[in-house]
Amino acid sequence: MRPIIGITMGDAAGVGPEIIVKALRSNEVYSTSRPLVIGDAAIIRRALEYTGVQAEIRSVSDPGEGAYECGTIDVLDLALLPEDLPVGRISAEAGNAAFRYIEKAVSLAAAHEIDAICTAPLNKEALQKGGHLYPGHTEILADLTGTDDYSMMLSAPKLKVIHLTTHVGLIEAVRRITPERTYKVIRLADETLRRAGFRQPKIAVCGINPHAGENGLFGEGEEEEKLIPGIEQARSEGIEVYGPLPADTLFFRAVRGDFDIVVACYHDQGHGPIKVLGLEAGVNITVGLNGGIIRTSVDHGTAFDIAGTGKADEGSLLEAIRMAVELAPKQNV
């Protein structure tokens, strides 16, 4: 049976509603999944006007009520926002609503009423103005699911990247990298790819320093202290892992096909190469959530500067829905 993908609306003042209605005019989405928007029906209906998309909006109170047919957009309507909410502006009201959509999606996923979560972008400043002091989706999901060991994974057609650290400064990122964290993220990468159908994933770990330290020439032995023990532990368990390897050539090798996934040490080390491949192609995945909950997301922001114009590209959301479909059935086997 096609998995039910819960699509959270994100910040209603941004492009989330627009990319959702554009994505849900695709026959392919409905042939592979049952998409359920979790948000405000009035805002989704307004997005039809911005985009010119022709569709019927159906408000439902339960995933089981959805029609899940192309030409009809099923919305689990939380009715949190006014229809005339200003677009392109930071709003505490929209930030709070974005959090509530995620909260509802997590409760549905935990109860196995939906098979995966796919998130449209939120705005961090609006989120915090709305009273929710998180740096982003990943940390919200970890908190709501009571998960300590999680990671951010980015996926593009020729490259997958998983992170040891994300939304912290560079000095703090290096401090947080430990052999235990390195091992856990390698293991998460291996488990996630195996669920997606890889029989023996090839995992490569970036060095922290230029040239991966070059045998102590650069840095103060961070690779030896923080990375290598974790790599060796994973390798002893039969995981096919390589490194630490110089980051300046590793991503080229991964795109070429030498490796299935790269472990990045900090935010920009992993995000930069993915975004060079194209913003429309990137998908953000939260890996390791308790309960086996799958979450994918677009890899771009709310784009307030073009919100309400209908210009936003839905390509990244389509990729995120495809990835949610790919992971969800294997998670439920």
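Begin by selecting T147, which counts as buried because its relative accessibility is 5%; buried means under 20% relative accessible area, exposed means over 50%, and partly exposed lies in between, with a 1.4 Å probe and protein chains only. The model is a predicted one, in which local features need pLDDT of at least 70 and side-chain atom pairs count only at pLDDT 80 or more, while totals for chains, interfaces and linings use all residues. Residues are numbered from 1 along each chain as its sequence is written, and side-chain values use heavy atoms, with hydrogens and water left out.

T147 sits in the loop between α6 (137-145) and β6 (151-156), where helices (H or I, at least four residues) and strands (E, at least two) are DSSP runs numbered from the N terminus. If you look at N290, you will find its backbone nitrogen 2.8 Å from a polar atom of the T147 side chain.

Next, select α6 together with helix α4 (residues 92-110), whose axes are 10 Å apart and pack at an angle of about 45°. Axes are lines fitted to C-alpha atoms, for helices over the stretch in contact, and angles run from 0 to 180 degrees between N-to-C directions. The two helices α4 and α6 are therefore oblique to each other, given that angles under 35 degrees count as roughly parallel, over 145 as roughly antiparallel, 65 to 115 as roughly perpendicular and the rest as oblique. Which residues of α4 and α6 meet? From α4 they are F99, I102, E103 and V106, and from α6 they are H137, I140, L141, L144 and T145. By class, the contact of α4 with α6 has 6 nonpolar, 2 polar and 1 charged residues, where Ala, Val, Leu, Ile, Met, Phe, Trp, Tyr, Cys and Pro count as nonpolar, Asp, Glu, Lys and Arg as charged, and the others, Gly among them, as polar.

For a second pair, select helix α8 (residues 179-195) and helix α9 (residues 222-236), whose axes come within 7 Å and cross at roughly 45°. The contact is made by P179, T182, Y183 and I186 of α8, together with E225, K226, L227, P229, G230, I231, Q233 and A234 of α9. These residues in the contact of α8 with α9 divide into 7 nonpolar, 3 polar and 2 charged.

Move on to A196, in the loop between α8 and β8 (202-206), which is buried with a relative accessible area of 14%. If you also select A328, you can see that A196 and A328 are 8.9 Å apart in space, C-alpha to C-alpha, although 132 residues separate them in sequence.

Then select helix α1 (residues 16-23), which is largely enclosed by the rest of the structure, because 8 of its 8 residues are buried.

The last stops concern the backbone. Most residues other than glycine have a negative phi, and most peptide bonds are trans. H211, in the loop between β8 and α9, is not a glycine and yet has a positive phi of about 60°. A303, in the loop between β12 (295-298) and α12 (315-331), likewise has a positive phi, of about 50°, although it is not a glycine. Finally, select P244 in strand β9 (residues 240-245), where the peptide bond from G243 to P244 is cis, with omega near 0°.

Notes: A polar contact is a pair of N or O atoms within 3.5 Å; within protein, one must be able to donate a hydrogen and the other to accept it, and residues adjacent in sequence count only if both atoms are side-chain atoms. Contact means heavy atoms within 4.5 Å.
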